[in-house]
Amino acid sequence: MENGASGQSFLLFYIGDSLYMVSVENIAAISELPGLTIQVPRSPPYVQGICSFKGENCTIIDLNRLLGKHCLGEESKTAYRTMIVLEHRLALLVEQIVGVETSDDFLPLQKSVFSGSDSLIRNVYRPSSKMWDFKLLKNTDELVFELDIFQLESKCRLSQIGSTDTLEASHGG
């Protein structure tokens with residue numbers, strides 16, 4: 001696997017019909033979206049809000065909007081109830097978690113053929129036949145996009161979006 005150590009583990013998940021992955025080393029937790037989220041005034045459209053997670057404010061990112069895909073309507077937000085919490089207080093809303101696979105299960109492609117928000121895409125891969133044998137994927141011609149966590153965190157840093165005191169101020173505490 002290009003730019004990754006052999007045997008490195010990745011969490012695979014769907015956003016719409018596209019398959020993405022992040023290194024498990026960058027994940028602090030996987031959780032359901034909490035019932036209480038606070039909207040952040042004047043935040044970018046991809047910021048769903050903030051929530052308290054394990055005593056710290058966590059910015060919730062709508063990857064659909066951030067990656068330039070379709071926007072979630074109110075009726076489809078219920079499909080996105082799972083969040084992947086990254087180490088630096090970012091939570092990514094995802095539609096479906098596929099599972100954890102190792103870097104040995106992917107064949108690298110050239111990412112330069114893809115346009116759009118490719119600065120958030122670190123690498124592009126084709127899954128190995130092993131993943132088809134276990135029927136983990138939706139389509140046989142599927143590609144897997146590795147998110148660039150450093151770029152994602154730079155773009156979505158809470159200090160650029162709103163105050164870290166927002167939840168405490170909203171709830172007196």
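1. A salt bridge is a side-chain nitrogen of Lys or Arg within 4 Å of a carboxyl oxygen of Asp or Glu. Arg122 and Glu146 form one, with 3.1 Å between the closest N and O atoms. Arg122 belongs to strand S10 and Glu146 to strand S11 (residues 144-147), so this pair ties together parts that are 24 residues apart in sequence.

2. This is a predicted model, in which local features need pLDDT of at least 70, side-chain atom pairs count only at pLDDT 80 or more, and totals for chains, interfaces and linings use all residues. Residues are numbered from 1 along each chain as its sequence is written, and side-chain values use heavy atoms, with hydrogens and water left out.

3. On confidence: pLDDT is the predictor's confidence in each residue, from 0 to 100. The protein averages 76, and 68% of the residues score at least 70. Over residues 159-173 pLDDT stays under 50. For that stretch the model has 26 contacts (heavy atoms within 4.5 Å) beyond four places in sequence. Where pLDDT is low, the predicted coordinates should not be read in detail.

4. On the sheet: strands are DSSP runs (E, at least two residues), numbered from the N terminus, and two of them pair if DSSP finds at least two bridges between them. Six strands make an open sheet with mixed pairing, in the order S8-S1-S2-S11-S10-S9. Its edges are strand S8 (96-102) and strand S9 (106-109), each of which pairs on one side only. From one strand to the next the twist averages 35°; the angles are taken between N-to-C directions of lines fitted to C-alpha atoms, and run from 0 to 180 degrees.

5. Phe106 has Pro127 in S10 as its bridge partner.

6. The structure holds three salt bridges. Besides the pair in point 1, Arg89 forms one with Glu56, at 3.9 Å between the closest N and O atoms. Arg89 sits in the loop between strand S6 (82-86) and strand S7 (90-94), and Glu56 in strand S5 (residues 56-62), so parts 33 residues apart in sequence are tied together. Arg65 and Asp62 also meet in a salt bridge, 3.6 Å from N to O.

7. On accessibility: buried means under 20% relative accessible area, exposed over 50%, and partly exposed in between (1.4 Å probe, protein chains only). Arg122 is partly exposed at 32%, whereas Glu146 is buried at 4%. Arg65 is partly exposed at 33%, and Asp62 is buried at 2%. Arg89, at 33%, is partly exposed, and Glu56, at 42%, is partly exposed too.

Definitions and conventions:
Helices (H or I, at least four residues) and strands (E, at least two) are DSSP runs, numbered from the N terminus.
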